[in-house]
Amino acid sequence: MHRVILWLVVAVAFVVSLAAPDKPEVEACQSRDTRVVAPYAVTGYWVMPRADPCVTRRMVEAIHAIGGDTLITFGPRFSAREEPDFADCLVDGRPCAEVPGVRHVYTYVTSEEFGKGLLRCPGLDRRIVSRGRIFYRVSLAGSCQDPVQDVVLISTDGDGLGNLMTEAAAYGMTVFPGLPAAPQSAGKPWEPDLAHIAALNAFTARVLADYRERFGRSSAFGGVYQSFELAMRTRAAKDPIIELYAAQHAVVAATLPGKKILVSPYIDARKGRGFPPGQAEEGLADIAATRAGAPMAVAVQDGRGTGKVPVYGVHEAEAKVAPRLVPVVGDVSNAQAYYGATRDYIEAAARRVPSGVELWVNVEGFEPTPVDGECGRVDPLPLRGRTTKSRIDQQVMAAGTHAGKIISYGWDPFFTCQARYDTPSLADDIVSGWRQPIIVGASRKEMNGRPGILVEGYNLRGGTLRFDPQGVAVKQEWYEKGRLESAWAPYVPSGPWTSITATNETGQSSSSGYVIH
């Protein structure tokens, strides 16, 4: 029954009504279902704001149904170019950018409607309805009387972020809207163009002041997400992305005191292109140093979805890479292709997490390339394929015991797409299999003078622990529930390595074994 419920929820979330109700008529949407039917280990997802409040409600409901409590959006690009999309922006028949003293026109395409906190200069700053569309014009000058003005033109397709905040609050969830993303450097799109950082900071301050006014009392407003990506590795003493982070995060700390900054850096284990695990420790410390006193969560991208980092076990260094990784690194062994596995990078990062910073893990919920008959992402490029619930389980295992929270990029389309209308989505598969145990840590531990194995993870209560290749199943004799669940069974491993799977009191078993030396 739960699978049918979630399938309907996800299906509705993909339907855009031909006669979408306006925001004041949100009560016309189907009533909320606040049940959590399948609490899974992944509790946060990147989402796309939706202008339709009813579509937003169904999307948030579907995520909440599988235990999601956190929603993250990407920040739109603060563009240093005047985009052709703004040709419809007219004031008294003249282009919106034609104002006295304009030095530079920036543009910003978003899915939100702003309030009074954005508009400061009467006459110049204004909300504009032109040719059936909504625009904003905002001056970045230090004073409204300055003879020279930098101007931002904003276009929006509706109040998707406002809808998201409303629904998240109703479901007891938290939202991290994306900060305005910095302009990219010409010829080096992976770096910000620091020539425009003053304008970006001024605009960021205006946007966040508006958020403070509109969402400051909302239980759903948890903080902001830093949208400009960087690698969590050793960096040069003067690094443009770290400079961007330090400048923009100082604005956050000043404008939204106490709100959390979420950053999701990537790791890359590919030999010849990436970096070894040891660099993750210093990389995290450099990122943490930009927080300007604000609380921060660093959600490390695990790299499995892009193929940059594998999730193999401690005994599989010489094994061939997983078939879905062959298009990325070739048909070679893990040791030939990679410096290490996800767990190696997370463990390195965990050695240097300063006070005020939380270590999260972002498990990439997709495959590097699609295969025939598989749904996934077709736009924007590169193409990505849909993965499986058992693969996500392996990524949760690889995140280990250090992750304070596990989130995933991204909800649409990877958790919602279907190969055919009558086949399950990944979210459906989670509903069907959420009770399967997932072991994220194991160690030898004596209890009452008896040697045994202690495991940590999810859905472990009751049942047995099975040890392979010995083929021995031992009944659990101790269980405790904390941030992670713990279970113990009396067993002394033999041989160079042991794979542990759990079967819990519901009869569900781990989809993959956890291997220890």
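I began with a charge over a ring: the charged end of Lys405 sits over the ring of Trp360, 5.9 Å from its centre. For this I needed NZ of Lys or CZ of Arg within 6 Å of the ring centre and within 35 degrees of the ring normal. I then looked up Tyr266 and found Lys308 over its face, at 4.5 Å from the ring centre.

A note to myself on what I am reading: this is a predicted model, where local features need pLDDT of at least 70 and side-chain atom pairs count only at pLDDT 80 or more, while totals for chains, interfaces and linings use all residues. Residues are numbered from 1 along each chain as its sequence is written, and side-chain values use heavy atoms, with hydrogens and water left out.

Next came the aromatic pairs. A pair of aromatic rings is described by the distance of the centres and the angle of the planes. How many aromatic pairs does the structure hold? I found 22 of them. Rings of Phe, Tyr and Trp (its six-membered ring) pair if their centres lie within 6.5 Å; planes under 30 degrees apart count as stacked, over 60 as edge-to-face and the rest as tilted.

I picked Trp46 and Tyr225: their ring centres are 5.4 Å apart and their planes stand at 80 degrees, so I logged the pair as edge-to-face. Trp46 is in strand β1 (residues 44-46) and Tyr225 in strand β12 (residues 223-225), so the pair links distant parts of the chain, 179 residues apart. Strands here are DSSP runs (E, at least two residues), numbered from the N terminus. Are Trp46 and Tyr225 buried or exposed? Both are buried, that is, under 20% relative accessible area (1.4 Å probe, protein chains only).

Phe86 lies in the loop between β2 (70-72) and β3 (90-91) and Phe135 in strand β7 (residues 133-139), so the pair ties together parts 49 residues apart in sequence. Phe86 is buried at 6% relative accessible area, and Phe135 is buried at 0%.

I also noted one aromatic cluster, formed by Trp46, Phe74, Tyr225, Phe366, Tyr409 and Phe414.

Last, I turned to a sheet. Four strands form an open sheet in the order β22-β21-β25-β26, with antiparallel pairing; two strands pair if DSSP finds at least two bridges between them. The edge strands, each pairing on one side only, are β22 (472-475) and β26 (514-516). Strand β21 (residues 464-468) is joined to β22 by four bridges, and I saw Thr464 opposite Lys475 in β22.

How values were computed:
Buried means under 20% relative accessible area, exposed over 50%, partly exposed in between (1.4 Å probe, protein chains only).
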